[in-house]
Amino acid sequence: MQILPLLCALLLLMLQGAAGLSLARGSPQDCERRGGFCSPGSCPPGIGRVGICSEQDFCCRRRWYP
């Protein structure tokens with residue numbers, strides 16, 4: 001029964017480390033990972049808005065038509 005606290009501590013450390021690996025939603029890195037770019041104000045004509053980079057910047061990506 002002494003191994004149970006050790007396993008709980010190990011699990012907690014693993015979960016804490018995994019939380020730091022994810023990208024924050026709305027960051028420039030998240031936008032680039034989705035194939036977009038950050039544009040201040042609004043997206044250029046013909047380019048669609050797919051998210052946000054910050055309060056003033058939008059994540060934009062070219063629309064693909066079949």
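This report describes the fold, the sheet and the disulfide bonds of a predicted protein model.

## Overall architecture

The protein chain contains two helices and three strands, arranged along the sequence in the pattern α-α-β-β-β. Of its 66 residues, 21% are buried. The chain exposes about 5,500 Å², and carbon and sulfur atoms supply 64% of that area. Among contacts with a separation of 6 or more, 19% involve residues 24 or more positions apart.

A UniProt annotation from an unreviewed entry, "domain: Beta-defensin-like", covers residues 28–61. Within this span, 18% is helix and 44% is strand, and the end C-alpha atoms lie 13 Å apart.

## The sheet

The three strands form an open sheet in the order β1-β3-β2, with antiparallel pairing. Its edge strands are β1 (37–40) and β2 (47–52), each of which pairs on one side only. From one strand to the next, the twist averages 50°.

Strand β3 (residues 57–62) runs antiparallel to β2 and is joined to it by five bridges. Opposite Cys-60 in β3 stands Arg-49.

A disulfide is a covalent bond between the sulfur atoms of two cysteines. The model has three disulfides. With the bonded cysteines numbered in sequence order, the pairing is 1-5, 2-4, 3-6.

## Geometry and placement of each disulfide

Cys-31 is joined to Cys-59 with an S to S distance of 2.0 Å. This link is right-handed, with 90° about the S-S bond. Because Cys-31 lies in helix α2 (residues 28–33) and Cys-59 in strand β3, the pair ties together parts that are 28 residues apart in sequence. Both Cys-31 and Cys-59 are buried.

The disulfide between Cys-38 and Cys-53 has an S to S distance of 2.1 Å and is left-handed, with -90° about the S-S bond. Cys-38 lies in strand β1 and Cys-53 in the loop between β2 and β3, so this pair ties together parts that are 15 residues apart in sequence. Cys-38 is partly exposed, at a relative accessible area of 32%, whereas Cys-53 counts as buried at 6% relative accessibility.

In the disulfide of Cys-43 and Cys-60, the sulfur atoms are 1.9 Å apart. The link is left-handed, with -85° about the S-S bond. It connects distant parts of the chain, with Cys-43 in the loop between β1 and β2 and Cys-60 in strand β3, 17 residues apart. Cys-43 counts as buried at 18% relative accessibility, and Cys-60 is buried with a relative accessible area of 0%.

Definitions and conventions: Residues numbered from 1 in each chain as written. Predicted model: local features only at pLDDT ≥ 70, side-chain atom pairs only at ≥ 80, totals over all residues. Heavy atoms only, no water. Helix = DSSP H or I, 4+ residues; strand = E, 2+ residues; numbered from the N terminus. Buried < 20%, exposed > 50% of the residue type's maximum accessible area, 1.4 Å probe, protein only. Contact = heavy atoms within 4.5 Å. Areas by Shrake-Rupley, 256 points an atom, 1.4 Å probe, with all protein chains shown as cover. Pairing = 2+ DSSP bridges. Axes fitted to C-alpha atoms, helices over the stretch in contact; angles between N-to-C directions. UniProt positions renumbered as here; feature names shortened; annotations may be inferred. Disulfide = S-S within 2.5 Å.
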